[in-house]
Amino acid sequence: MQVETLYQSQAFSVLDYRCTATPHDQPFTEQFFAHSISYVRKGSFGCRSRGRNFEFVPGSLLIGHAGDEYLCTHDHHCGGDECLSFQLAPEFVEQIGENDAVWRLGRIPPLAELMVLGELAWAAAEGRSDVGINEVGLVLAQRFVETASGYSHFKTNADARQRRRAVEAAVWIDENSQDSLSLDTIANEAGLSPFHFLRVFTRVFGVTPHQYLVRSRLRHATHLLAEESRSVTEVALDVGFNDLSNFVRTFNRAAGMSPGHFRRLARGERKIFQD
């Protein structure tokens, strides 16, 4: 495991985790030393905490509760996992809303309104945005608490085989999200009937395959908007949106701003951040 501290203050610190563990490596128990929000940018892995199993794919959030033990597994090695982790001080947790239940959720599935901020945080961490990673971290933490407070915990009773198939399907969707993918196509790739696949995928991740597909496209679009100068129309088409107006509406719902405004924000226009 490679760990780099990208930012540190009294309120929170930001760590870049890059894990190269494989299915052959023996997992071991670790402990959350602080309340934390970790955005998964790349790879897939499992985590067992408080007697529950969770699967993580790009766009998911790993939620840590200070003092809890956890064990990560890497049954689906995808060339390395990358997480950007915000470790929060107790005083900061109290400031943004000390709702203990949200810190015991363990995982938040890929939700568009949080993925957009997660990708912006990565852009800031890698120097692709003029926004400070501390600024993004403050907004992400606050929006997480607001979102998670209204999020119903999804209890999964999927077995190991079902979780593996769902993870493999999610990785495949993310890699091919620019294409036109139907439920039948994805289910066929997973080797399941559409109805059974829909149940399994939703049971494991708490979102439907179509929701994950749209959010994967949004995640890739966010990356391109922050990094490159190609037009909004080109970005929409490149990531799989065939209709510009649909892309703008979907992005606006997720980010609370248009793709153009987001690009200006990523380039350091602070007024948009304040609004």
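This is a predicted model: local features need pLDDT of at least 70, side-chain atom pairs count only at pLDDT 80 or more; totals for chains, interfaces and linings use all residues.
Burial here means a relative accessible area under 20%. In a regular strand, side chains alternate between the two faces of the sheet. In E9, both faces are covered. One side carries Asp-81, Cys-83, Ser-85 and Gln-87, while Glu-82, Leu-84, Phe-86 and Leu-88 lie on the other, and all of these residues are buried.

Strand E9 pairs with two strands described here, E2 and E4. Strand E2, formed by residues 12–19, runs antiparallel to E9 and is joined to it by 8 bridges. Within this pairing, Val-14 is placed opposite Phe-86 of E9. Strand E4, formed by residues 35–42, is also paired with E9 in the antiparallel sense, over 7 bridges. Here Val-40 is the residue that stands opposite Cys-83 of E9.

The largest pocket of the model has a volume of about 690 Å³. Its lining comprises 29 residues, of which Met-1, Tyr-17, Glu-30, Tyr-70 and Cys-72 are the closest to the pocket centre. Two or more lining residues are contributed by each of E2, strand E3 (29–31), E4, strand E8 (69–73) and E9. The largest share, 4 residues, comes from E9. Classified by residue type, the lining of this pocket consists of 15 nonpolar, 9 polar and 5 charged residues.

Methods
Residues are numbered from 1 along each chain as its sequence is written. Side-chain values use heavy atoms; hydrogens and water are left out. Buried means under 20% relative accessible area, exposed over 50%, partly exposed in between (1.4 Å probe, protein chains only). Two strands pair if DSSP finds at least two bridges between them. On a 1 Å grid over the protein atoms alone, a cavity is a set of points where a 1.4 Å probe fits but cannot get out, and a pocket is an open set with protein on both sides within 12 Å along at least five of seven lines; lining residues have an atom within 4 Å of a point. Grid points are joined across faces, edges and corners, and a volume is the space filled by probe spheres set on the points. Ala, Val, Leu, Ile, Met, Phe, Trp, Tyr, Cys and Pro count as nonpolar, Asp, Glu, Lys and Arg as charged, and the others, Gly among them, as polar.
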